[in-house]
Every structure is written in C-alpha cells, then in structure tokens.
Amino acid sequence: MTKLLLAFCRALGAPSPRSAAAVIVAVFASACGGGSGGNVPAPPPELPGPAQPPFGLTERVALAPLTLGVANGDGALRIERRFPQLEFEQPLFVKALPDRAAYALLEQGGRIWRFAADETNDQATIALDLSDRVLFAGEQGLLGLAFDPDFAVNRHIYLHYSADGPRRSVIARFTWPDSAAAIDAASELVLLEVAQPFSNHNAGSLDFGPDGMLYIAMGDGGSGGDPGNRAQDTSELLGSILRIDVSGASGAEPYRIPADNPLVGQPPAREEIWARGLRNPFRFSFDPVSGELWVGDVGQSSREEINRIERGGNYGWRVLEGNEPFDDSENTLPPSAFTPPVAELTRDQARSITGGFVYRGTALPALAGRYLFGDFATGALWEMARVTGAFSPIGSMENPAFLGPDLDGEALFVSYGGTLHGLTEEGGTVSLPTLLSDTGVFLDTASLSPADGVVEYGVNESFWSQGASKRRWFALPDSDRIGFDRSEPWTFPVGSVFVKQFEIDALNEPGKRLELRLLFRNAAGWQAASYLWRADGGDAELLTAAALVDLQRTDGAEQTYRVPAPGECFGCHNAAAGVVLGANTAQFNRDFDYAGVTDNQLRALDNVSYFDADLAAPDSYAAQVSSTDADAPLEARVRSYLAANCGSCHRPGGPTGVEIDLTLDADLDALRVAPTAGDLGIADAQIVAPGAPQRSVLLQRVLADGTSRMPPLGDAAVAVRRDLEGAALLESWIGSL
C-alpha cells in the first residue's frame with residue numbers, strides 16, 4: 001500500500017520523499033477518521049543531499065584596534081561633514097541665498113536644489129530642473145550660478161551651462177519669484193553663447209564683482225595643448241575672463257560692454273575680454289575685503305596655477321604652463337607681457353586645481369585673510385598667503401569641486417561625491433604613525449601576518465603598477481556591512497580600511513618590497529597613506545611626498561619605480577568609481593586560497609555576513625576575466641584590461657572631462673572617433689582606429705612617456721616602465737577590428 005501511495009503522490013508532483021511521506025500520513029489519517037488512535041507509520045528519514053564544499057571563512061573575527069589618524073597636514077584643523085543628512089548627485093557649487101537662511105546647490109546634470117541653513121536638515125527641494133536643455137557629459141553640464149546684486153528687487157539669477165546642437169556654453173538669466181518656491185524655467189533670457197569646439201575645458205564660474213559687473217570664466221575650448229591657440233587669440237572669447245554689464249538686459253540688448261574693459265576699440269579683439277591666457281579657470285572668487293579676483297587654472301601636464309586676475313592681464317597659456325615654457329611656436333610677445341602665477345603646484349602636489357576663496361570668517365582666526373583652495377583629482381586642500389603665494393596643507397576630502405563661504409563666512413566645501421564639508425579646529429593634530437608597524441594592521445609586519453579582522457582578498461584583473469605584483473587586505477568595523485550591488489561599485493562604512501602591498505622580483509632580490517598603501521574611511525571621508533619599505537623589508541616609513549626606488553629587474557634591465565605621493569591616490573580612487581577600486585562583484589567573483597581552503601570569495605564573505613544582502617550562488621553573477629587568460633575571448637580580455645586600468649576615471653561622471661567610457665560593459669564601438677583631449681601629433685588619429693594600431697591614441701598613450709602616459713603613473717622627469725604586455729593585447733585587438 002505504501003508503495004502505491006508514494007507513486008500516487010509523486011504523480012501529483014510531491015517534490016521529495018519527505019513531502020510524499022507527508023501525503024501518505026494525511027491519507028492514513030483521513031482513513032482513520034482524522035482522530036487519534038490511528039496506526040500511522042513514521043515518515044522515512046530524509047535522504048542526504050550532495051556534500052557542500054567547505055567555506056573559506058567560517059567566522060567573522062572581531063577587528064583588532066588600529067591606529068589610523070586623520071591625515072590633516074601640519075595645522076590643528078580637521079575636515080568635518082556639514083549637513084550630514086543631505087547627499088546630492090555630482091554637485092559642483094553651493095551658494096547662500098541673499099534673502100533668507102538657505103542655500104542653492106547645483107548638480108552638474110542640470111538641477112538646482114534649495115535647502116535650509118540648518119545642519120540637522122534632511123530635506124532639500126528642487127528649485128529648477130534644466131536637465132532637458134543642459135548637455136551633461138564629461139566637463140559639460142550646469143556649471144555656475146550668480147545672484148544679481150539687486151536680487152531682492154529684481155529676483156534675477158544667472159547660470160552658466162553647456163548646451164548641444166551645436167555644442168556651446170550658455171550664459172542665461174532666470175527669475176526666481178520667491179526663493180522659497182521654484183525658479184521660473186520659462187523666464188530664461190539667453191545673454192551670451194560661446195561655441196565650444198571640444199567637450200572639455202568649459203571652466204564654469206560666473207559672479208558679480210564689487211563693481212556690479214558680471215565676470216565669466218571661459219576655458220580654452222578643449223582638446224589638449226590648446227590646438228587653436230585660442231587663449232592667446234583676442235578675437236576669441238575662449239581662454240579668458242569676460243566682463244559684461246547685464247543691468248537692464250533685454251532680448252534686444254542682452255548685455256553692454258563696460259567702457260573701461262581693456263580691449264575696447266581694438267578690433268578684431270573681443271571687447272568682452274577682461275583677462276586672457278588661461279587654460280581652464282574652473283573656479284574663481286572675489287575677496288569681499290580687497291576686491292581681488294582669484295582664479296585656479298587647471299594645468300596641462302606639469303603645473304597647476306593660482307592667479308590673481310587683473311585688468312588686461314595675460315596669464316601665459318599656451319606659451320607658458322605656470323612659469324614653464326610650453327609652446328611658443330606662434331608667440332610674438334616678450335616675456336614681460338605675461339603675468340606669472342601667484343603660486344604654482346607640480347604634478348606631485350596637484351593634478352586638477354579647484355580655485356577657492358579668501359577666508360574672512362571668525363571661527364578660524366589662523367586662516368584670516370588666507371586663500372583656501374584644493375585639488376579635484378588628489379583631494380588635497382591648502383591655505384595660501386595672498387602676497388607671497390606660500391601654501392601649506394590643511395587636509396583632504398573626496399574630489400573638492402567648490403570651496404567657498406557659507407552664510408557666516410565660514411568654510412563650506414562641495415565634494416563631487418555628493419556631500420558638503422567644512423573646517424573646524426581640532427585642538428591638536430592627529431597624525432598617522434610614522435612606521436607601518438605602529439598602525440596595528442599587521443600582527444607581524446615583517447611576515448605581513450594580518451591583525452584579527454583584517455581579511456586578505458584578490459581581484460580578477462589588477463591595475464598595471466610598473467610591473468609590481470600586489471597583495472590586498474580589507475577590514476570593516478565589527479557590526480558593519482558592505483553595501484552590495486551586482487554591477488555598481490560597492491559601498492563601505494566609516495571605519496573601513498584597505499591595504500595594498502607592492503613588490504617586484506628584482507635581480508638577486510625576489511619579492512623585493514617597494515611600498516604599502518592604506519586607504520581608510522573616517523568621519524572626514526576617505527584618506528590615503530603610503531609607506532616606503534626599508535631596505536631590509538622589516539618595516540616601512542610614512543611618506544609625505546613621491547619617492548623613487550632604483551632597482552635592477554631579473555632580466556638585467558634597470559628600472560626606476562615611482563611611489564606616488566599620498567594625495568595622488570585620489571586621481572584614480574575617485575568618487576565616481578566608488579573610491580575603492582576593484583571592490584565590485586565582477587572583480588571579487590573568483591576563487592581564493594583561505595589558508596589551504598579554496599573558496600569563491602563572494603561565497604566565503606557572504607557566509608560570515610560581510611554583505612548587507614544575502615547572495616545567491618556565485619555563478620549567478622558576472623565575473624571579470626583576466627586579461628592574461630589566453631583561453632578567454634580577445635574582446636573580453638581587452639574589456640577587463642581597460643576596465644581595471646582606465647575605467648576608474650573614464651566612466652560616466654568620471655573626473656577626466658572627456659566623453660570616453662572604458663568600464664567593463666561599455667560600447668567599444670563608440671571609441672572609433674577622433675580624440676578630444678590631444679592626438680599626440682598622430683595624423684588622422686582616432687581613439688581606436690580599426691585595423692590601425694599606429695593611429696589609435698588609446699594604444700599610443702599606453703606606450704607614451706611622462707604625463708601623456710595612460711594610466712597616469714609618472715611625471716615628465718621620470719621614465720616609468722611601460723606596460724608592454726597590455727600594449728600588445730590592445731595592438732592585437734585593434735589590428736583584428
């Protein structure tokens with residue numbers, strides 16, 4: 001009878017012997033009237049399933065105490081989060097409203113947000129959405145805002161944004177009837193349009209000076225090296241600071257030329273020009289006390305500049321980059337014609353300067369009258385003496401896009417990653433340990449034995465690091481989790497630490513230790529530190545600047561290995577890429593040897609609750625191939641290489657300013673176009689020229705020297721080792737197209 005009932009249950013779809021037995025029990029119970037006293041047989045035992053492989057991690061070990069200070073330079077200052085409940089998408093600018101205790105914030109994509117000046121505020125409202133008319137790509141977008149000096153009466157605001165068809169910069173006036181409500185999108189009056197030949201170097205600042213005139217920053221038009229020499233061409237508006245009178249503006253007369261502009265009555269010069277010779281004056285500001293106009297001008301390959309702008313000044317680009325010669329092939333002016341920068345920074349210090357403001361607040365008297373500025377790429381922040389140009393560090397934050405005053409004149413900084421920050425007195429500097437052994441990351445530094453709670457991991461495709469091999473570890477606070485996502489970069493809580501060890505097989509020194517880098521997140525944001533290994537490899541010393549290591553490789557060739565300055569880390573570890581590179585599903589989806597137990601990393605970490613979600617089987621997620629896997633398809637290998645080496649910056653919302661997407665799933669056919677950031681002197685160049693590696697800038701940049709090299713690992717003075725294996729892969733792929 002049991003066999004007959006079991007067959008009957010299976011015919012009805014019973015999924016297992018246990019469920020079949022349950023049906024049998026129910027039938028017997030029914031036959032006995034459903035009450036007690038029935039002679040019901042016990043269900044058979046459940047059959048064992050297939051054996052599960054052991055987990056690489058079986059318990060989450062509590063994190064040992066670590067000693068990681070706040071890298072805030074030499075002063076008693078600390079970067080602090082402002083308005084901690086608010087986050088935005090790629091913000092570029094914030095300014096206090098003139099008529100109430102509130103702020104207007106610009107997102108590059110085209111929206112203006114309004115929020116009350118309450119640090120506990122968790123609400124922001126959209127005051128204007130121009131995303132349907134703003135060209136948002138690379139450095140293009142909604143870039144600047146200014147309030148009319150008579151805003152309380154006329155309710156006018158002025159915007160600087162990019163538009164398409166044709167590509168151009170637009171200066172327009174809008175009306176904000178009541179700054180508690182919305183800006184009237186239909187009130188736009190276009191005042192000025194400037195054609196843009198390329199997508200980068202759009203600058204973006206605009207503001208009213210003490211004289212009531214509207215000042216506008218225009219970049220040189222883009223590409224690399226100012227190929228049209230526009231910044232020196234006074235018949236062009238590009239590469240200049242413009243000055244116009246917009247009082248009484250109308251459709252018939254959108255602006256007037258102030259009579260005291262320096263080029264008035266000098267045709268064919270454009271009379272709107274106030275000063276010229278600028279490459280990409282991304283941010284400027286007026287000192288409310290002295291009236292001085294300060295500009296941060298982004299450099300090309302060797303220098304970043306801070307300039308004090310004066311009437312009729314020529315700041316040298318492209319004849320000069322900072323004080324260094326760049327290209328005088330068309331120059332007819334004597335050296336005395338150019339105004340030098342007040343301060344210049346080398347590529348060891350900065351890579352994309354963000355002009356700031358002269359501090360006139362009261363909370364930080366040590367900064368009174370000092371100019372505060374930052375660097376978008378490295379995240380470094382400085383304060384500078386206005387007369388001598390001497391500057392010193394005050395901290396760092398993620399991708400500073402704007403530095404300016406709040407309602408009270410205190411520091412208010414915008415991170416392109418979406419948050420607002422300020423400065424406070426620390427009462428004493430908290431600094432990083434000078435020795436790696438004192439950080440607590442390793443139980444034993446010489447053997448690299450990690451401390452409790454510090455977990456080693458690997459990635460499918462490693463960033464090219466001058467031929468060095470790497471090991472990696474991470475740590476999280478005990479109760480915190482990784483923000484998991486199938487395709488986007490993961491997110492990490494405050495207290496997270498990432499460790500990367502670099503070594504290379506040198507002649508007679510296998511596994512020569514070079515450097516160790518730390519990336520850690522505290523309340524001020526992500527911080528970076530680099531430690532240079534001592535010759536004996538027993539400990540490593542904290543670096544404050546770039547360093548060089550001379551070695552001889554096993555093939556006998558001499559090599560100079562360059563250890564980047566700590567601030568340079570954020571050139572690649574940017575907010576758009578999630579800061580922690582390689583921390584994503586496709587890179588982690590691989591096997592790893594956990595002290596003799598091989599397991600998939602996703603499975604192992606999920607088993608001990610490192611993720612904020614329960615993961616399915618690892619084979620349900622995408623996995624990045626290795627570019628050196630000869631059995632993988634050629635295009636998949638190329639995608640992996642590009643994503644790891646280029647995709648952190650060349651991605652939607654990335655910091656490069658050029659419209660190239662080199663992430664894992666990007667449309668590679670879109671690369672078959674002319675480059676917009678320099679052609680390296682290659683005739684008929686394309687980013688990828690199918691079948692023509694010699695005309696493909698993507699490949700030639702991998703082979704280039706100095707600051708033309710991609711990824712940007714070196715500087716003009718150091719011949720950093722080329723990635724010949726990666727170049728060969730790209731050459732093979734391009735040749736096959």
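Predicted model: local features only at pLDDT ≥ 70, side-chain atom pairs only at ≥ 80, totals over all residues.

1. L642 is in contact with G647, L662, L668, L698 and L730, leaving aside its neighbours within four places in sequence; contact here means heavy atoms within 4.5 Å. L642 itself sits in helix α7, residues 634-645. Helices (H or I, at least four residues) and strands (E, at least two) are DSSP runs, numbered from the N terminus. With a relative accessible area of 1%, L642 is buried; buried means under 20% relative accessible area, exposed over 50%, and partly exposed in between, with a 1.4 Å probe and protein chains only.

2. Residues are numbered from 1 along each chain as its sequence is written, and side-chain values use heavy atoms, with hydrogens and water left out.

3. Helix α7 also holds N645, which counts as buried at 5% relative accessibility. Which backbone atom does the side chain of N645 reach? The backbone nitrogen of W464, at 2.7 Å. That is a polar contact in the sense of a pair of N or O atoms within 3.5 Å; within protein, one must be able to donate a hydrogen and the other to accept it, and residues adjacent in sequence count only if both atoms are side-chain atoms. Not counting residues up to four places away in sequence, N645 touches E461, S462, F463, W464 and P711.

4. D478 makes a link across the sequence that I would look at next. D478 lies in the loop between β30 (469-475) and β31 (497-506), and is partly exposed at 42% relative accessible area. Beyond four places in sequence, D478 touches R60, A62 and L63. R60 is 418 residues away along the chain, yet the C-alpha atoms of D478 and R60 are separated by 8.2 Å. The side chain of D478 also reaches the backbone nitrogen of L63 at 2.6 Å.

5. Another open sheet of four strands runs β6-β7-β8-β9, with antiparallel pairing. Its edge strands, β6 (142-147) and β9 (184-195), each pair on one side only, and the twist averages 25° from one strand to the next. Seven antiparallel bridges join β8 (residues 168-175) to β9; R168 has A195 as its bridge partner in β9.

6. The count of aromatic pairs comes to 33. Rings of Phe, Tyr and Trp (its six-membered ring) pair if their centres lie within 6.5 Å; planes under 30 degrees apart count as stacked, over 60 as edge-to-face and the rest as tilted. F83 and Y103 are edge-to-face, 5.8 Å centre to centre with 75° between the planes. F83 lies in the loop between β1 (77-82) and β2 (91-96), and Y103 in strand β3 (residues 102-107), 20 residues apart. F83 is buried at 1%, and Y103 is buried at 2%. Y371 and F373 are stacked, because their ring centres are 5.8 Å apart and their planes stand at 20°; both residues are buried.

7. Finally, the cysteines. How many disulfides does the model contain? The count is zero, with a disulfide taken as a pair of cysteine sulfur atoms within 2.5 Å. The sulfur of C569 is 8.8 Å from the closest cysteine sulfur, in C572, which is too far for a bond.

Methods
Pairing = 2+ DSSP bridges. Axes fitted to C-alpha atoms, helices over the stretch in contact; angles between N-to-C directions.
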